[in-house]
Amino acid sequence: MLSLDLGTRTGWALLGRDGSITSGSEFFKPQRFEGGGMRYLRFKRWLTEIKQSADGIDAVYFEEVRRHVGVDAAHAYGGFMAHLTAWCEHHQIPYRGVPVGTIKKHITGKGNAGKDAVIAAVRALGFDPADDNEADALAILRWAIATQEV
């Protein structure tokens, strides 16, 4: 099972078939001298690498964001979500968006918790996220494990 906090810096967490959890964050900023769509091609290639290294993915959960601070963030999120859902459809992997408030309430007890509270809650579970993106991905994974038929 893979959980993602989509964005230019995408947080991820993976539940292995043996029950182990690995996580991190990947940076998909457009690089110098490449077109704007290349970040999405790199994202898609990265998804395939994760799938291969994990010996398959049975489900994908991602943070469903309904409001963005800026237009650029909204466009980037939409691009990542479009490529993620198309990739999942192509590989016949079920996927589901999880509302931000649902994730925060599950991990902290408050649906309007801030980034620091989510990071602290994830750390209290024994994880050491490098940033809020990785913490969000771990929180999504913990929600999926607790509420979905895993």
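Predicted model: local features only at pLDDT ≥ 70, side-chain atom pairs only at ≥ 80, totals over all residues.
Colleague: Which residues of α4 meet which of α5?
Modeller: Lys115, Val118, Ile119 and Val122 are the α4 side, and Asp132, Ala135, Asp136, Leu138 and Ala139 are the α5 side. Contact here means heavy atoms within 4.5 Å. Helices are DSSP runs (H or I, at least four residues), strands likewise (E, at least two), and both are numbered from the N terminus.

Colleague: At what angle do α4 and α5 cross?
Modeller: Roughly 60 degrees, with the axes coming within 9 Å. That makes α4 oblique to α5. Under 35 degrees is roughly parallel, over 145 roughly antiparallel, 65 to 115 roughly perpendicular, and the rest oblique. Axes are lines fitted to C-alpha atoms, for helices over the stretch in contact, and angles run from 0 to 180 degrees between N-to-C directions.

Colleague: Is the α4 and α5 crossing left-handed or right-handed?
Modeller: Left-handed. The near helix is then turned anticlockwise from the far one by less than a right angle; clockwise would be right-handed.

Colleague: What about α3 and α5?
Modeller: Helix α3 (residues 100–108) crosses α5 at roughly 80 degrees, and the axes come within 9 Å. That makes α3 roughly perpendicular to α5. Thr102, Ile103, His106 and Ile107 of α3 meet α5 residues including Ala139, Ile140 and Trp143. The classes are 6 nonpolar, 2 polar and 2 charged.

Colleague: And how do α1 and α2 pack?
Modeller: Helix α1 (residues 38–53) and helix α2 (residues 71–91) pack at about 40 degrees, axes 10 Å apart. That makes α1 oblique to α2. The crossing of α1 and α2 is right-handed. Among the contact residues are Tyr40, Phe43 and Leu47 of α1, and Ala76, Phe80 and Trp87 of α2. By class, this contact has 7 nonpolar, 5 polar and 3 charged residues.

Colleague: New topic. How many salt bridges?
Modeller: The count comes to 4. The rule asks for a side-chain nitrogen of Lys or Arg within 4 Å of a carboxyl oxygen of Asp or Glu.

Colleague: Which helices does the Asp132 and Lys115 pair link?
Modeller: The Asp132 and Lys115 side chains meet at 3.1 Å, N to O. Asp132 lies in α5 (residues 132–147) and Lys115 in α4 (residues 115–124), so the pair ties together parts 17 residues apart in sequence.

Colleague: Is Lys115 buried or exposed?
Modeller: Exposed, at 53% relative accessible area. Buried means under 20%, exposed over 50%, partly exposed in between (1.4 Å probe, protein chains only).

Colleague: What does Glu34 pair with?
Modeller: Arg42, in a salt bridge of 2.8 Å, N to O. Glu34 is partly exposed at 21%, whereas Arg42 is buried at 13%.

Colleague: And what does Arg123 pair with?
Modeller: Asp128, with the closest N and O atoms 3.5 Å apart. Arg123 is partly exposed at 45%. Asp128 is exposed at 62%.

Methods
Residues numbered from 1 in each chain as written. Heavy atoms only, no water. Nonpolar A, V, L, I, M, F, W, Y, C, P; charged D, E, K, R; others polar.
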